[in-house]
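Here is a friendly briefing to read with the model open beside you. Please take a look at the sequence and structure first.

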Amino acid sequence: MKDIDWSNLSFGYMKTDWNVRIWYKDGAWGEIEESDSEYMPMHIAATCLHYGQEAFEGLKAFMGQDGKVRVFRMKDNAKRLQSSCKRTMMPELPVDTFCEMVRRVVRLNKDYIPPFESGASLYIRPLLIGTSPEVGVKPAREYCCLMFATPVGPYFKGGFQTTAYALVRSYDRSAPLGMGKYKVGGNYAASLYAHNLAHEKGYSSEFYLDAKEKKYIDECGAANFIGIKGNSYVTPKSTSILPSIVNRSLIHIAGDNGMDIEIRQVPFDELGEFDEAGACGTAAVISPIERIDDIETGKSYIISRDGKPGPVLTKLYNQLRDIQYGIVPDPYDWTTIIDL
Ligand SMILES: Cc1ncc(COP(=O)(O)O)c(C=O)c1O
């Protein structure tokens with residue numbers, strides 16, 4: 001194991017020893033290759049550089065209490081990457097190949113998997129890009145899928161605690177029939193300005209309404225929104241939000257806890273009615289929301305009056321984390337143990 005201050009890791013990039021790559025040429029995927037370089041040679045006219053022909057994923061490996069390393073729902077990430085590839089005219093990487101690449105990159109970088117006690121994890125970043133040259137707007141003929149891994153601490157420095165969000169109306173991240181439900185780089189480029197605006201004003205992140213009517217809750221920065229109202233778990237139905245794997249998992253657990261699940265359009269006016277709310281995703285599992293400030297109208301929607309996370313989201317957070325870290329058995333078969 002490397003000599004790293006595991007407890008003080010941020011959610012950032014740290015060089016590790018190996019990454020894995022696979023190339024698509026002449027209509028077929030080749031063999032998985034291992035590389036110790038942080039760089040890749042790139043044609044200056046590659047379609048990923050000019051036309052953003054790229055998609056990516058994000059998933060984590062956890063060192064369990066029992067010393068076993070678990071990766072969470074990697075097949076679902078593989079399938080989501082396939083759907084992003086389909087929409088961007090890139091070849092789909094077979095699910096089994098994706099999973100083998102995850103296994104390889106975790107094994108090769110096993111010395112960088114943070115210890116159980118640190119509460120940190122190994123973040124795995126797959127990306128798939130068009131690499132061959134074009135000048136006209138058309139898909140590439142050649143592609144590369146690359147995966148690297150880097151140890152990460154909590155997404156928010158303070159860990160599981162509430163933060164405030166800034167509702168932005170002047171910048172959309174995605175159009176209703178655009179790319180929002182796919183994990184493609186352009187969506188994140190589109191979000192940087194609003195994210196920075198929110199940050200400069202002291203918010204943890206920006207909060208989006210639907211681009212068409214500005215009436216319904218869409219995404220919570222780079223995470224899905226969840227609201228708790230009585231015994232109901234409410235989450236937006238929208239054509240422009242990313243289908244979060246963590247949200248899908250929490251929905252399952254909440255349902256098994258006896259909660260009612262409401263996946264529907266959520267008017268932002270309803271914000272004042274939630275007992276608890278949070279942003280969910282791989283990075284933080286759940287980031288509880290303290291309040292959402294409409295920075296244009298000045299209206300504030302207070303969710304947590306005492307500034308603390310509520311009991312329902314706290315319970316769901318712990319239930320999911322316990323599965324990821326192998327503290328409790330995984331009744332859903334979501335985790336894959338990686339033989340190191
Ligand atoms: C825009 C966006 N929404 C939601 C999520 C949460 O998705 P997941 O739970 O699969 O990490 C992410 C992070 O991956 C994201 O980037």
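Predicted model: local features only at pLDDT ≥ 70, side-chain atom pairs only at ≥ 80, totals over all residues.

Residues are numbered from 1 along each chain as its sequence is written.

**Domains**
- The protein chain is assigned domain 1 (6–152) and domain 2 (163–324), with bounds from an automatic or database domain assignment.
- Their centres, taken over C-alpha atoms, are 26 Å apart.
- Domain 1 brings 20 residues to the contact and domain 2 brings twelve, where contact is C-beta atoms, placed from the backbone, within 7 Å.
- On the side of domain 1 that touches domain 2, H2 (74–87) has the largest share, six residues; helices are DSSP runs of H or I with at least four residues, numbered from the N terminus.
- That side of domain 1 has six nonpolar, six polar and eight charged residues.

**Helix H3**
- H3 (residues 95–108) has 14 residues and spans 20 Å from first to last C-alpha, close to the 20 Å expected at 1.5 Å a residue, with the expectation being 1.5 Å times one less than the number of residues.

**Ligand surroundings**
- Among the residues around the ligand are Gly-58, Glu-219, Asn-224 and Thr-282.
- Helix H5 (residues 245–256) gives the most to this shell, with three residues.
- The shell divides into five nonpolar, six polar and one charged; Ala, Val, Leu, Ile, Met, Phe, Trp, Tyr, Cys and Pro count as nonpolar, Asp, Glu, Lys and Arg as charged, and the others, Gly among them, as polar.

Technical notes: Near = placed C-beta within 6 Å. Helix = DSSP H or I, 4+ residues; strand = E, 2+ residues; numbered from the N terminus. Contact = placed C-beta atoms within 7 Å.
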